[in-house]
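Let's take a walk through this structure together, from its core out to a few of its helices. Have the sequence and the 3D view ready side by side.

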Amino acid sequence: MEQKGQLLHKVWLWSLMFFLLAALTGFVYRWGLIGGDTLGLRMSNVRHAHSHLMFFNWVTPVPMAFIAYRLMKKTPEAYHSFKWCIGSGMLIGFLSYPFFLMFGYHPVSLGTAELPLSVILSGLVMIGWYWFGLIYLKYRKKADSSLSQLFYDGALVLLVISSLGAWGVAVAQFANVDNNLISGALTQFFLTTFTEGWCVLAAIGIFYDISGQDHPLPVDKNWLIAPIVLGAPLMFPLGLSVDLLNDSLLWTAKFGSLMVAIGLGVNIWYMARAVPNRNKPAWMFVLALLALKAAAQLSAAFLPETLWLGQHGLRVLYLHLLLLGFVSTLFFVAIHHVFSKISKAGHYLFIGSVLILLSTLVLISGLWPIEWQPNNVYLWVTIGALLPSVAILFELGIVSVWK
């Protein structure tokens, strides 16, 4: 196997392990919500550990490995730089996990000092993002210009921009800023720009990289990405609590959501014509999930804000549709496209588990009539939360023995 393939395979293998841990942590959170034993852990800390491990060790290193895989086609000498950068980021991200699990964002007593170790380690992870960006800039000029590279450019720009919100949260904590709007806005700016910007653009870039982009573009290629790059950071007020919102923030979020929806709509139109013939049904499933995400964007832009902002279950459904549904499923389908000799049983099992989990979340989203809910609905939701872990474990077994 060539070095570029070795790096992608190794990152995928390690990321699957961390993804499994994150998925099991999510299951523990759901288990705690129905009264199960969580070994004395605070539920908020379990949630933070789950989300940060997903961010640091799954939806960041996998796209980075695909980006490195593309660049190393022309610059194989970049192998060691990418290997140490991505590997270091994953190690630090994993080291932050126990501190988030036990302490959340709170400081840890070390002798006479009180240090927020989870925040410090998160900062080191973000410095690793900048390191990756510098390596990318060093070698990208040698790569062929393509639509996928344009999306990788935009994804990395928004990854850096999202980190500004996280740094702002850290500064506010150290400065003891007691303002719910500032701390909430900075947190949501990071989360929204990271998920709607980095995650979405990187995933679409992977699709275009694999599809070959041999179909004529309906518009100038910049129109495929510009609405998403400009609109994603504006959507952060949708994550704020209702009491922190004002009309200016609300209309900013609606405008950003509309721009992203338009950008996604144009991309879906083009992507549907560029779907690879190999494993086409799985790729079409990925596009269907992206279309559902775009529909949610439109609903946020046009429907009354109380529908979106007043339903915690709807937010949970949307985040899982985006990160577990579209982004993670695309990773699975893409990796099996690159390594076509690996058994596809694992990724089909993952697709099935995603369908079931999303279906259970629909039941508690507020969209499903209460009178139609089954008995013990939250138990079924908890069981649904366990299924992706089974699929990931199965995939992990397949990939670990493949050479």
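This is a predicted model: local features need pLDDT of at least 70, side-chain atom pairs count only at pLDDT 80 or more; totals for chains, interfaces and linings use all residues.

Residues are numbered from 1 along each chain as its sequence is written, and side-chain values use heavy atoms, with hydrogens and water left out.

Start with the largest nonpolar core, which has 127 residues; such a core is a set of buried Ala, Val, Leu, Ile, Met, Phe, Trp, Tyr and Cys residues joined through side-chain atoms within 4.5 Å. Buried means under 20% relative accessible area, with a 1.4 Å probe and protein chains only. Trp58 and Trp198 have the most contacts inside this core, and its largest share, 16 residues, comes from H12. Helices here are DSSP runs (H or I, at least four residues), numbered from the N terminus. Beyond its neighbours within four places in sequence, Trp58 is in contact (heavy atoms within 4.5 Å) with residues including Trp12, Phe19, Pro63 and Phe331.

Now look at helix H3 (residues 61-71): 11 of its 11 residues are buried, so the rest of the structure largely encloses this helix. In helix H13 (residues 345-363), the buried residues include Phe350, Val354, Leu357 and Leu361. The buried residues of H13 pack against helices H1, H10, H12 and H14.

Finally, find Asn267 in helix H9 (residues 247-271). Asn267 is buried, with a relative accessible area of 0%, and its side chain reaches the backbone oxygen of Gly263 at 2.8 Å.

Key:
Helices (H or I, at least four residues) and strands (E, at least two) are DSSP runs, numbered from the N terminus. Buried means under 20% relative accessible area, exposed over 50%, partly exposed in between (1.4 Å probe, protein chains only). A polar contact is a pair of N or O atoms within 3.5 Å; within protein, one must be able to donate a hydrogen and the other to accept it, and residues adjacent in sequence count only if both atoms are side-chain atoms.
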